[in-house]
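Subject: Structure handover

Hello,

Here is the structure you asked about. Please open it next to this email; my notes follow below.

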Amino acid sequence: MNNEEDLAMMGCPENGTLDVSIFVAMIQKSDGEHLKKSVEDGNKVELLLYSPKRPVVDFGVAFLCLMAVGTIKMASYWKTFTVVEQNDDPYKELAEKDSMRTAKEDSEDETMVLNVAGAVCFVITASTFLLLLYFFMSTWFVWVLIVLFCIGGIQGMHYVISSLILRTWKSGGRKGIHVPIFEEVSYLSLVILLVSVAFAIFWCVTRRESYSWVGQDVLGICLMITVLQVAQLPNIKVPILLLFKYRVMRLSHNVNMSQVATVLLCCAFLYDIFWVFVSPLFFKDSVMIAVARGDNAGGEGLPMLLRIPKFYDPWGGQNMIGFGDILFPGLLIVFTFRFDKENKKSMINGYFLWLLIGYGMGLCFTYLGLYLMNGNGQPALLYLVPCTLGVTVILGLIRGELKELWSYGTVLYPTLGDSGQDNRSVRA
């Protein structure tokens, strides 16, 4: 009987042999406990043994790819879909514009200038954190990550649900209640917050159940949609990624930002390759894979990923994709959506559609590599970066628009509903 729910291929210890003269089969932990209980209760137990064939491709991968592509597509269309149309009443319009101006001024107080050094520091920080997880992985460490994930998921779910409701119920957020520290909070926002907290707590309590992947994916998708709304690229020079930290990020006009995008994405590209393929040369195994498996975590899994069971695989297991493999390319794809819309490009003549297709193809290449390498972990950005950033550069060169993409818009949040305002940057 396996000590875990998933099945594993049986084998002898390294450099060892076993003299086994009886038929041996492995069963899942839950099945083994049920069988043991039936025997202890004196029930008649009959076993039928068979050897099922594993499918060449598990169709759960297709659902996972659709979730990843769908998350980026929803994040791209989110503001277009949820922005409330301007009211014809001039007084209400003036009040809305004044409110938006105030929000804009407040957001500018929380700024972060990103340069080449910052891009390199991000990768160094991520590598340091990965090593801390590898060497000091424990149950309490994973619990810290679970709590952080729940906090981010709650905020993401609150943002998504409130945006959808306020799109149709425009007056829903007007009435509120005074709450200490947070000042006035609308009744609607408070109810959505309570629902989001209850959902996150339910997932946390049932995270080891077979259906827990649904709650984890819902929280994760809401979180990533929110991050892709908060962190945006002004041009392809600056791919801004900020995980679990909700601050508006803007560019300073007097900062040299040349090639920051290429530096950050290429660093992430090399980061993935190094910690998956090269790290076994310096450590006893692949650091990235060991952390993803949750070794020494007491059976707890890392929550910062989308996952879906292998429904058609008799061996069980799960298909997974990390948040970074969606957010990194997603920032670039969301930027191309804005670029196409503001330049009134069609789907065929624009960049968004081709990058979305390229991202999907990159995921296919990732799982193809996973299959060809007998299930060994693959650095997804190895395939996703060339299929997104590479496609952008190639199309830009062919169309003669690479310079425009390189120096496009420094205004991250154009005034919604004000079509007359020019949001493009001044050419250098």
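The protein chain has 13 helices and four strands. Helices (H or I, at least four residues) and strands (E, at least two) are DSSP runs, numbered from the N terminus. This is a predicted model: local features need pLDDT of at least 70, side-chain atom pairs count only at pLDDT 80 or more, and totals for chains, interfaces and linings use all residues. Residues are numbered from 1 along each chain as its sequence is written, and side-chain values use heavy atoms, with hydrogens and water left out.

The chain overall

Of the 428 residues in the protein chain, 41% are buried. Buried means under 20% relative accessible area, exposed over 50%, and partly exposed in between (1.4 Å probe, protein chains only). The protein chain exposes about 24,700 Å². Carbon and sulfur atoms supply 63% of that area. Accessible areas come from the Shrake-Rupley method with a 1.4 Å probe; for residues, only the protein chains shown count as cover. Take the contacts in the chain with a separation of 6 or more: 69% of them join residues 24 or more positions apart. A contact means heavy atoms within 4.5 Å.

Helix α2 covers residues 60-82, which is 23 residues. At 1.5 Å a residue it should span 33 Å, and its end C-alpha atoms are 30 Å apart, which agrees. The expected span is 1.5 Å times one less than the number of residues. α2 also bends by about 40° at serine 76. That bend is the angle between axes fitted to the seven residues ending there and the seven starting there.

Helix α7 (residues 212-230) has 19 residues. From first C-alpha to last it reaches 27 Å, close to the 27 Å expected. α7 is mostly covered, with 17 of its 19 residues buried. Glycine 220 lies in this helix. Glycine 220 is buried, at 0% relative accessible area. Leaving out residues up to four places away in sequence, glycine 220 touches Phe149, Leu306 and Phe323. Glycine 220 and leucine 306 are 86 residues apart in sequence, yet 6.8 Å apart in space, C-alpha to C-alpha.

Aromatic rings

The whole structure holds 16 aromatic pairs. Rings of Phe, Tyr and Trp (its six-membered ring) pair if their centres lie within 6.5 Å; planes under 30 degrees apart count as stacked, over 60 as edge-to-face and the rest as tilted. Phenylalanine 274 and tryptophan 275 have ring centres 4.8 Å apart and planes at 85°, so this pair is edge-to-face. Tryptophan 275 and phenylalanine 283 have centres 6.2 Å apart and planes at 35°, so that pair is tilted. Tryptophan 275 is buried at 7% relative accessible area. Phenylalanine 274 is partly exposed at 29%, and phenylalanine 283 is partly exposed at 22%. These three residues belong to one aromatic cluster, together with Tyr134, Phe135 and Phe282.

Charges over rings

A charge sits over a ring if NZ of Lys or CZ of Arg is within 6 Å of the ring centre and within 35 degrees of the ring normal. The charged end of arginine 167 sits over the ring of phenylalanine 81, 4.1 Å from its centre. Arginine 399 lies over the face of tyrosine 351, at 4.8 Å from the ring centre.

Lysine 344 is in the loop between α10 (324-342) and α11 (352-372). Lysine 344 has a positive phi of about 55°, although it is not a glycine. Lysine 344 is exposed, at 79% relative accessibility.

Best wishes
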